[in-house]
Amino acid sequence: MRAARIIPCLDVDGGRVVKGINFLGIRDAGDPVELAARYDAQGADELVFLDITASSDKRDTTVAMAQAVADEVFIPFTIGGGIRSLDDARKLLRAGADKVSINTAALRRPELIREISHEFGAQCCVVAIDAHSSTTAPSGYEVFSHGGRTRTGVDCMQWVSEAERLGAGEILLTSMDRDGTKQGFDLSLTSKVTSAVSIPVIASGGVGKLDHLVEGVTVGGADAVLAASIFHYGEHTISEAKQHLAQAGVVTRPADLGGGG
Amino acid sequence: MNRSVPNTPQDTPKGPLVAIIDYGIGNLHSAQKGFQRAGARALLTSDRGLIRDADAVVLPGVGAFASCMAALRRTGLDEVSLEAIDSQRPFMGICVGMQMLFAESEETAGVSGLGVFKESVRWLPETVKRPQMQWNVLQRRRSHQMLEGLQDPIWVYFVHSLSPDMNFDHEDVVATCQYGATVVAAVARRNVWAAQFHPEKSSRVGLQILANFVQAAAQYDTADHAAAVH
């Protein structure tokens with residue numbers, strides 16, 4: 001059985017969750033542990049923390065955050081953003097992150113994928129790809145680095161295949177065209193990537209309503225769907241998302257698990 | 001019992017001592033925290049004395065079978081693991097820690113496992129994505145303390161590309177899942193429990209499984225003390 005995963009994505013800066021988190025009933029919306037626990041209770045299958053910390057002296061607080069989350073929340077979580085080296089990855093994984101997501105550093109030096117995969121196992125090596133439609137790239141999509149600010153000239157499909165060959169365990173695929181638009185995933189991009197690789201693909205970018213999550217799985221072929229704002233602003237709970245997917249015939253782990261204990 | 005246990009203040013002050021074998025691989029932090037949450041004094045340790053003194057022992061594992069076996073052998077903790085199993089104390093293998101209890105793995109030919117179970121570990125079917133990286137439902141194959149207190153359907157988190165090559169009606173198989181085929185998800189024989197999934201990453205369901213193991217450790221602890229009195 002394949003069960004689609006629903007993954008809320010949280011932006012963190014200096015170990016605190018930032019940018020538009022608006023849950024009712026949370027006193028301090030910046031506390032990553034409290035937010036992670038809330039999403040766990042709602043039935044989130046995994047969590048992604050995207051570290052947007054610009055200064056390197058605050059990176060250690062992200063390691064401390066990973067440890068604090070791992071102390072309290074018993075679902076898998078990924079940390080991405082600013083990971084430049086095997087040592088960066090090691091610190092986060094040792095602190096309790098289950099996976100690290102690499103992007104710019106992997107584009108600069110693709111061997112980093114192989115190194116992380118070899119050292120810690122492919123299962124913890126997520127390659128994040130920010131793809132933008134392009135008239136020059138052969139596949140119609142070009143990869144951008146540095147949080148979407150820098151064109152690389154690299155063709156998306158070529159990079160996806162290379163990442164898999166080097167040992168990536170999973171692809172986190174963000175459509176820059178759709179990110180923040182609430183128009184839904186770029187399903188053409190998503191299905192191109194999911195049919196090109198045999199590793200799991202997380203679709204990201206553009207979710208504005210629950211039907212978009214369904215499309216990401218049924219049309220795009222994604223193994224997991226990632227969203228931020230529809231969950232953070234309380235528009236929908238994870239439970240509602242899962243019920244919606246179930247009604248559309250997509251298998252997910254139900255949110256209302258007693259589970260004993 | 002004379003034990004020198006380096007507890008930190010947030011650790012559970014009481015409860016059975018669960019030694020999580022630290023042989024230099026991967027992220028063991030969440031396993032330790034999970035067992036603590038489940039009521040154990042849980043330690044990450046490579047100290048043979050502590051492992052011998054513990055009420056129960058856990059063998060974790062992530063990544064490749066061959067590199068995990070190499071690390072276990074290099075540290076001499078393969079012998080310590082076998083000794084713990086022979087001692088009849090509760091013992092749990094998790095993920096690659098489960099696979100290492102078998103004779104060998106198709107992942108790397110020529111590398112022997114611990115051979116507690118005589119079967120081999122095989123690749124998941126080619127018709128499905130590998131690794132299986134998702135939550136999936138356990139099918140109970142026989143009654144066992146591992147899954148006590150859980151209501152079906154039991155959803156747990158898997159990350160693996162291989163699994164033991166055993167028929168689902170084998171007497172040691174506790175649970176299976178469906179992933180391209182019927183896949184062995186949990187086995188047990190006498191004091192040895194093993195899970196292909198990650199209970200420490202399976203939210204409340206997983207914590208219940210860990211609590212069941214801690215309960216078994218507590219029962220052993222009690223029996224141990226009773227024996228000592230005699």
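Helices, of at least four residues, and strands, of at least two, are DSSP runs numbered from the N terminus. The model shown in these views is predicted.

**View 1. The loop that holds B:Ser202 in the predicted model.** B:Ser202 is placed in the loop between β12 (192-195) and α6 (203-229) of chain B. With a relative accessibility of 1%, B:Ser202 counts as buried, because buried means under 20% relative accessible area. A polar atom of the B:Ser202 side chain lies 2.7 Å from the backbone oxygen of B:His198. When residues up to four places away in sequence are not counted, B:Ser202 touches B:Trp135, B:Val156, B:Tyr157 and B:Phe197 in chain B, and A:Phe74 in chain A.

**View 2. The area buried between chain A and chain B.** The size of an interface is often given as the accessible area lost when the parts come together. Between chain A and chain B, the buried area is about 3000 Å², and carbon and sulfur atoms give 54% of this area. On the side of chain A, the residues that lose the most area to chain B are A:Met1, A:Phe74 and A:Arg253, together 25% of what that side buries. A:Phe74 is also one of the residues touched by B:Ser202. The contact takes 46 residues from chain A and 32 residues from chain B.

View 3. Four salt bridges are counted between chain A and chain B. A salt bridge joins B:Lys201 to A:Asp98, with the closest N and O atoms 2.8 Å apart.

**View 4. The side of chain A that touches chain B.** Helices α1 (32-42), α2 (59-72) and α3 (86-95) of chain A are the elements that give two or more residues to this side. The largest share, four residues, comes from α2(A). By residue class, the side of chain A that touches chain B divides into 21 nonpolar, twelve polar and 13 charged residues.

**View 5. An open sheet in chain B.** Three strands of chain B form an open sheet in the order β5-β6-β9, with mixed pairing. Strands β5 (104-105) and β9 (162-164) of chain B are the edge strands, each pairing on one side only. Strand β6 (residues 120-123) of chain B pairs with β9(B) in the antiparallel sense over three bridges. Opposite B:Val121 stands B:Pro164, a residue of β9(B).

Key. Residues numbered from 1 in each chain as written. Chains lettered and ligands numbered in written order. Predicted model: local features only at pLDDT ≥ 70, side-chain atom pairs only at ≥ 80, totals over all residues. Heavy atoms only, no water. Contact = heavy atoms within 4.5 Å. Buried area = accessible area lost by both parts, 1.4 Å probe. Salt bridge = Lys/Arg side-chain N within 4 Å of Asp/Glu carboxyl O. Nonpolar A, V, L, I, M, F, W, Y, C, P; charged D, E, K, R; others polar. Pairing = 2+ DSSP bridges. Buried < 20%, exposed > 50% of the residue type's maximum accessible area, 1.4 Å probe, protein only. Polar contact = N/O pair within 3.5 Å; in protein donor to acceptor, adjacent residues only side chain to side chain.
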